[in-house]
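Please report on the charged pairs, the ligand shell and the ring contacts of this protein. Keep it brief and tie each contact to its place in the fold.

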Amino acid sequence: MTLLAVRALTKAFGGVRAANEVSFDIARGEFLALIGPNGAGKSTCFNMINGQLVPDSGKILLDGEDIAGLAPREVWRRGVGRTFQVAATFASMTVVENVQMALISHAGETYRVWRPAASRHRARALDLLAQVGMREAADRPSRELAYGDVKRIELAIALANEPKLLLMDEPTAGMGPGERNELIALVKRLVVERGISVLFTEHSMDVVFAYADRIVVLARGRLIADGSADAIREDAQVREVYFGTGKTFARGTS
Ligand code: ADP
Ligand code: MG
């Protein structure tokens with residue numbers, strides 16, 4: 001069943017059509033990769049879906065309701081979560097406090113009177129940390145975390161909001177190959193359990209082919225392919241965009 005339907009989504013910056021009549025669907029529980037060379041329009045599409053950019057035209061139907069042009073807060077409230085947008089307060093709090101803040105916010109509670117080390121939602125926050133493998137770090141200051149660990153905390157924070165759809169624009173940027181695989185494997189395991197749909201961008205083709213249920217390919221603002229890993233691997237237009245004609249996606253390429 002379709003959760004998100006993007007229809008003829010278009011956005012220009014000056015003369016550049018960053019997204020040009022882009023249309024694709026995301027099914028409930030689907031792990032969908034959006035790929036394409038630098039400048040293809042991936043981030044532009046993400047930012048229209050999450051409400052940071054207003055499309056020039058087109059529709060973004062979430063459960064049939066058009067969310068195009070809604071403010072980020074409204075999109076988030078309707079169940080579209082994002083990882084990797086860390087609040088300014090992040091560094092000043094402990095790891096578990098950050099997850100507690102997300103749970104408080106999700107519950108619609110106010111945290112004006114909330115003090116650090118309060119117990120509200122602590123048990124649930126610890127449970128979420130355990131699920132991302134960060135239970136041991138719960139009471140450490142967030143500023144001390146290694147880069148890859150911050151990504152795991154961000155994932156716990158995103159899950160605290162119980163999204164229907166999780167948007168991840170280059171979640172593994174700056175990571176080595178092993179860490180990339182681990183993070184995407186973790187995300188996939190946690191979202192499959194919950195029936196959450198994911199739209200993600202990832203530069204490593206190995207990771208994309210290993211984990212994506214389906215792949216959508218953009219080039220210069222246009223959708224050029226939409227299909228299974230096998231179909232995308234064999235697609236002549238995709239190969240041309242990435243490598244010039246004749247080449248294939250070799251194993252080990254990232
Ligand atoms: P990708 O994420 O696939 O690398 P982007 O969506 O970031 O691609 O960019 C698509 C095109 O739109 C590029 O040509 C880029 O330079 C242009 N672009 C993106 N954002 C802006 C902006 N805010 N202002 C002007 N041009 C932009
Ligand atoms: Mg981008």
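This is a predicted model: local features need pLDDT of at least 70, side-chain atom pairs count only at pLDDT 80 or more; totals for chains, interfaces and linings use all residues.

Residues are numbered from 1 along each chain as its sequence is written, chains are lettered from A and ligands numbered from 1 in the order in which they are written, and side-chain values use heavy atoms, with hydrogens and water left out.

## Salt bridges

The structure holds 17 salt bridges. The term stands for a side-chain nitrogen of Lys or Arg within 4 Å of a carboxyl oxygen of Asp or Glu.

| Asp56 | Lys11 | 3.8 Å |

Burial follows relative accessible area: buried is under 20%, exposed is over 50%, and partly exposed is in between (1.4 Å probe, protein chains only).

Start with Asp56 and Lys11, whose side chains meet in a salt bridge. Asp56 sits in the loop between α1 (42-49) and β4 (57-62), and Lys11 in strand β1 (residues 2-13), so this bridge ties together parts that are 45 residues apart in sequence. Asp56 is partly exposed at 46% relative accessibility. Lys11 is buried at 13%.

Lys188 belongs to helix α6 (residues 177-194) and Asp213 to the loop between α7 (205-211) and β9 (214-219), so the pair ties together parts that are 25 residues apart in sequence. Lys188 counts as buried, with 18% relative accessibility. Asp213 is partly exposed, at 39%.

Asp226 lies in strand β10 (residues 222-227) and Arg214 in strand β9, so the bridge joins parts that are twelve residues apart in sequence. Asp226 is partly exposed, with a relative accessible area of 39%. Arg214 is buried at 16%.

Salt bridges also link Glu65, Glu74, Arg77 and Arg78 in a network.

## Ligand 1

Which residues are around ligand 1? They are Phe13, Val16, Ala18, Pro37, Asn38, Gly39, Ala40, Gly41, Lys42, Ser43 and Thr44. To be near, a residue needs a heavy atom within 4 Å of the molecule.

By class, this shell has five nonpolar, five polar and one charged residues. Ala, Val, Leu, Ile, Met, Phe, Trp, Tyr, Cys and Pro count as nonpolar; Asp, Glu, Lys and Arg as charged; the others, Gly among them, as polar.

Several protein atoms face oxygen atoms of the ligand. A backbone N or O atom of Gly39 lies 2.8 Å from one such oxygen. A polar backbone atom of Ala40 is 3.2 Å from an oxygen atom of ligand 1. The side chain of Lys42 places an N or O atom 2.8 Å from a ligand oxygen. Taken alone, ligand 1 exposes 560 Å², and the protein buries 56% of that. Accessible areas come from the Shrake-Rupley method with a 1.4 Å probe; for residues, only the protein chains shown count as cover.

The elements giving two or more residues to the shell are β2 (16-27) and α1. The most come from α1, with three residues.

## Aromatic pair

The structure holds one aromatic pair. Phe31 and Phe200 form this tilted pair, 5.0 Å centre to centre, with 40 degrees between the planes. Rings of Phe, Tyr and Trp (its six-membered ring) pair if their centres lie within 6.5 Å; planes under 30 degrees apart are stacked, over 60 edge-to-face, and the rest tilted.

The pair links distant parts of the chain: Phe31 is in strand β3 (residues 31-35) and Phe200 in strand β8 (residues 197-200), 169 residues apart. Phe31 is buried at 1% relative accessibility. Phe200 is buried at 0%.

## Further polar contacts

A polar contact is a pair of N or O atoms within 3.5 Å; within protein, one must be able to donate a hydrogen and the other to accept it, and residues adjacent in sequence count only if both atoms are side-chain atoms. The side chains of Arg214 and Glu30 make such a contact at 2.8 Å.

Arg239 is in helix α9 (residues 236-243). Arg239 is buried at 17% relative accessibility. Its side chain makes a polar contact of 3.0 Å with that of Glu234.

Methods
Helices (H or I, at least four residues) and strands (E, at least two) are DSSP runs, numbered from the N terminus.
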